[in-house]
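Subject: Handover of a structure and summary of findings

Dear colleague,

Please find below the structure that is being passed to you.

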Amino acid sequence: MKAWHITGIEGIPALQLVDLPSPEPAPGEVLLRMQAVSLNYRDYMNVTGIRGVTGPIPRIPCSDGAGEVIALGAGVTDWKVGDRVVVPFMPTWLDGGFTQFHSARALGGAVDGLLCEEACLPANSLLRIPDYLSMQEAATLPCAAVTAWDALMVRGQLTAGETVLILGSGGVSVFALQFARHAGARVLAISSSDEKCARLRALGADATHNYKTDPAWDDWAIAQTDGLGVDRVVEIGGPETLNRSIKATRFGGHIALIGVLTGTAGDVQTVQILRKGIRLDGIYVGSRAMFQAMLATMSGAQLRPVIDSVFPFKDAPAAFSHIEGGGHFGKIVISVTPL
Ligand SMILES: NC(=O)c1ccc[n+]([C@@H]2O[C@H](COP(=O)([O-])OP(=O)(O)OC[C@H]3O[C@@H](n4cnc5c(N)ncnc54)[C@H](OP(=O)(O)O)[C@@H]3O)[C@@H](O)[C@H]2O)c1
């Protein structure tokens, strides 16, 4: 089978297409023929070494994939050949609290990921793809969608009528917009261009703001909420956006701290967090049980992921260059199945 390998520290040019032996499913595992993989900013960071590749190279990148069951390991009775399945970001985190054990098993990080034609996964981790979703759509869900779901619906306990602020129009933020609107929340969104702002409004954002032409989006969000501040922020920026997010949040509000787009450390107005009684929640994706609950809600509402573009498997490096450029809206997909 073919797989893409991270082979060095030169960034995207270090991605190499290699031939590997087909894996054999161990007892309790299922062999999948991967059909689609989606990119997350994390995958780009791992390939380019922005955050450093955890573990030895070569490494197969990418956490998010969907595929078809093609063989069963001994003892597997829940799946049959031909089933369409999607793979959770951390296959060992089935339910309950987050642990270091699960974190170390995130796909495409310390262990091989799914940018390959075949992969063996624990049978008990997999989830059936709802009939209305394509393989490409399902492949967009494990990281970005589950993170947005955890941020808003699990840790956030979002209720109708609340105001949610989302930053940008990438994978996590667009899912957050869809989930928040479905829950009956009001959504404020900021983005780097007027064109993307218009697309966010078309998807249901109630008001948008271009942060390139006016960087004071915290003041804008406060003005949009009659001076009170928003109930929740889906914080994907990190150190350079967090202080504005804190300012934009109401007393007693909630910030889901998710992203590292502007770095991994910085000066934080800690005093404002305590003065305003803000709950600051570190989020790292979510469990299989959260994924299952999210799929049930998505199926009920027939919510569809927003796909920006689909690249052929042989052009995987171009997909990484596309996420690097930042012009995308929603999710970037790589089709493992020939297009
Ligand atoms: N903790 C977790 O579990 C978890 C899970 C998933 C992702 N993440 C992190 O969350 C972040 C987003 O991930 P993603 O996969 O959704 O990325 P993505 O699809 O690449 O989206 C990035 C988008 O964010 C917007 N953006 C960039 N810089 C910004 C800034 N300074 N202020 C406001 N918006 C900005 C841009 O949209 P516009 O052009 O519209 O402004 C950009 O296209 C990354 O740091 C990623 O590592 C964390």
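This is a predicted model: local features need pLDDT of at least 70, side-chain atom pairs count only at pLDDT 80 or more; totals for chains, interfaces and linings use all residues.

Residues are numbered from 1 along each chain as its sequence is written.

**Overall form**

The protein has 11 helices and 15 strands; these are DSSP runs numbered from the N terminus, with helices (H or I) of at least four residues and strands (E) of at least two. Its C-alpha atoms fill a box of roughly 60 × 40 × 35 Å along the principal axes. A compact globule of 339 residues would have a radius of gyration near 20 Å, and the value of 20 Å for the protein agrees with this. That radius is taken over C-alpha atoms, and the globule rule is 2.2 Å times the number of residues to the power 0.38.

Of the 339 residues, 49% count as buried. A residue is buried if 20 or more other C-beta atoms lie within 10 Å of its own, exposed if 12 or fewer, and partly exposed in between, with C-beta atoms placed from the backbone. Among contacts between residues at least 6 apart in sequence, 69% join residues at least 24 apart; a contact here means that the two C-beta atoms, placed from the backbone, lie within 7 Å.

**Domains**

The protein is divided into domain 1 (2-143 + 303-335) and domain 2 (156-282), with bounds that come from an automatic or database domain assignment. Taken over C-alpha atoms, the centres of the two domains are separated by 28 Å. Where they meet, 8 residues of domain 1 are in contact with 9 residues of domain 2. The side of domain 1 that touches domain 2 consists of 4 nonpolar, 3 polar and 1 charged residues. In this division, Ala, Val, Leu, Ile, Met, Phe, Trp, Tyr, Cys and Pro count as nonpolar, Asp, Glu, Lys and Arg as charged, and the others, Gly among them, as polar.

**Surroundings of the ligand**

The ligand is surrounded by 32 residues, of which the closest are Gly168, Ser169, Gly170, Ser191 and Gly259; a residue is counted as near if its C-beta atom, placed from the backbone, lies within 6 Å. The shell divides into 15 nonpolar, 14 polar and 3 charged residues. At least two residues each are supplied by α1, α4 (141-154), α5 (171-182), β9 (186-191) and α8 (239-248), and α4 gives the most, with 3.

After α5 comes Gly184, whose phi is positive, near 85°.

The buried residues of α8 include Thr241, Leu242 and Arg244. Among the elements that cover the buried residues of α8 are β8, α7 (217-224), β11, β12 and α9 (270-275).

**Single residues**

Cys62, in the loop between α1 (41-48) and β4 (64-72), has a positive phi near 85°. Cys62 counts as buried, with 28 C-beta neighbours inside 10 Å. Gln302, in the loop between α10 (288-301) and β14 (307-312), has a positive phi near 55°. Gln302 counts as exposed, with 9 C-beta neighbours inside 10 Å.

Phe251 belongs to strand β12 (residues 249-257) and is exposed, with 10 other C-beta atoms within 10 Å. Leaving aside its neighbours within four places in sequence, Phe251 is in contact with Lys276 and Gly277. Phe251 and Pro27 are 224 residues apart in sequence and 52 Å apart in space, C-alpha to C-alpha.

Glu10 is found in the loop between β1 (2-6) and β2 (15-19).

With kind regards
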